[in-house]
Amino acid sequence: MQDAAALLSDLVAIPSVCRTPNGTIVDLVRDHLARHGVEARVLPGPEGDRANLFATIGPRDVPGIVLSGHLDVVPAGQGWSGDPFTLRRSGDRLVGRGAVDMKGFVACLLALVPEMVAANLARPIHLALSYDEEVGCVGVRHMIARLPELCAAPVGCLVGEPSEMRPVLRHKGKVAGRLTVRGRAGHSSRPDLADNAVHLAADIVGLVRATHERFSREGPFHPLFAPASSTLQVGVIAGGTGVNVVPDTCRVEWEARAVPGTDPMTIHDALQAGIAGLVAPLRAAGREVAVESEILSLYPALDLPDDAPLRRLAEAWSGHEALGAVSYGTEAGLFQAAGIPSIICGPGRIAEAHRPDESIGLSDLDECCAMLRRVIADQS
């Protein structure tokens, strides 16, 4: 049997960066499964060059458990001490892009496939591997929509994002968007004959900040999160070509993270209403301004009840007590929204993700494989 570290090396060697074609890594996974007699369904997304992969081990018509992960990684960027797409060992850690987020979990899944097959499972284990999770859980939505044709309704989903093998019950939801602010260009000596897009964008940034501060004061609050309220911030602002030109375009990218119980789209809609309130009087006064809006990413919060059966299962599988909440987001909220109880539990530390020399410990892989063996035993 190929061990998890060797499989991780193969996975890391494929630079499956988000928003790029992922056929090579999908083929690697499909071929590995085929060698063990497991048929995989490759589910192309609407982009045409990316696909999800879904495979069932055990009886397809019996309710089972979904083990969910993503095959994409964030860009490597600068600052690495070696090739980010060549897995290398440093002491008791394995270094490479995606090692912890989250090809380590995927490698453990693949390493345990022979044991899943040999167990003659009474209840199935479904492997659900998605694309473009890093840019808003894009691919998994299409896979979830097709679950009714792929398997009996699952009884639960475990998402293997790095959590130091502690089951996680909750995370915030998220919506992110891009605003393109339009004005009218002109010479800076006659700003009265132009409409400054950056100035209007600044007013929108002020609206975003004021809304965030209102959330901080008024809530709603969830005591398990830090911060305990929903948040709203601008992460990118870009506009103008020179100080002597009144800019006619400015781009603003923003993000909101919503505590469970708050639909992220309600924050989006409130922001849009506030922007409309800024633009309407300007247009009524004859100013040539407009704001175009698009959603970049959207997923709901995860909120598994404390007394959920899946919590007890995940604690037994992992050997760790559940953690109430984490700050990062995953596809677990989307599975939950589809009626599938969901929880997070995966190897490694989230602090290692998205940074140069990203790494995972060999002991993390061992612990994850041990958890998966308990899942196999429970499904047998």
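Is Arg50 buried or exposed? Arg50 is buried, with a relative accessible area of 12%; buried here is under 20% relative accessible area, exposed is over 50%, and partly exposed is in between, using a 1.4 Å probe and protein chains only.

Quick housekeeping before I go on. This is a predicted model, where local features need pLDDT of at least 70 and side-chain atom pairs count only at pLDDT 80 or more, while totals for chains, interfaces and linings use all residues. Residues are numbered from 1 along each chain as its sequence is written, and side-chain values use heavy atoms, with hydrogens and water left out.

Okay, salt bridges. The cut-off is a side-chain nitrogen of Lys or Arg within 4 Å of a carboxyl oxygen of Asp or Glu, and the structure holds 25 of them. Back to Arg50: it pairs with Asp49, closest N and O atoms 2.8 Å apart. Asp49 is partly exposed, at 32% relative accessibility.

Next, Asp303 and Arg170, with 2.9 Å between the closest N and O atoms. This pair links distant parts of the chain, 133 residues apart: Asp303 sits in strand S15 and Arg170 in strand S8. Strands here are DSSP runs of E, at least two residues, and helices are runs of H or I, at least four, numbered from the N terminus. Arg170 is buried at 6%, and Asp303 is partly exposed at 33%.

Then there's Asp195 with Arg287, 2.4 Å, N to O. These two are 92 residues apart, with Asp195 in the loop between strand S10 and helix H6, and Arg287 in the loop between helix H7 and strand S14. Asp195 is buried at 1%; Arg287 is partly exposed at 36%.

Last one: shared partners join Arg170, Asp303, Asp306, Arg311 and Glu315 into one salt-bridge network.
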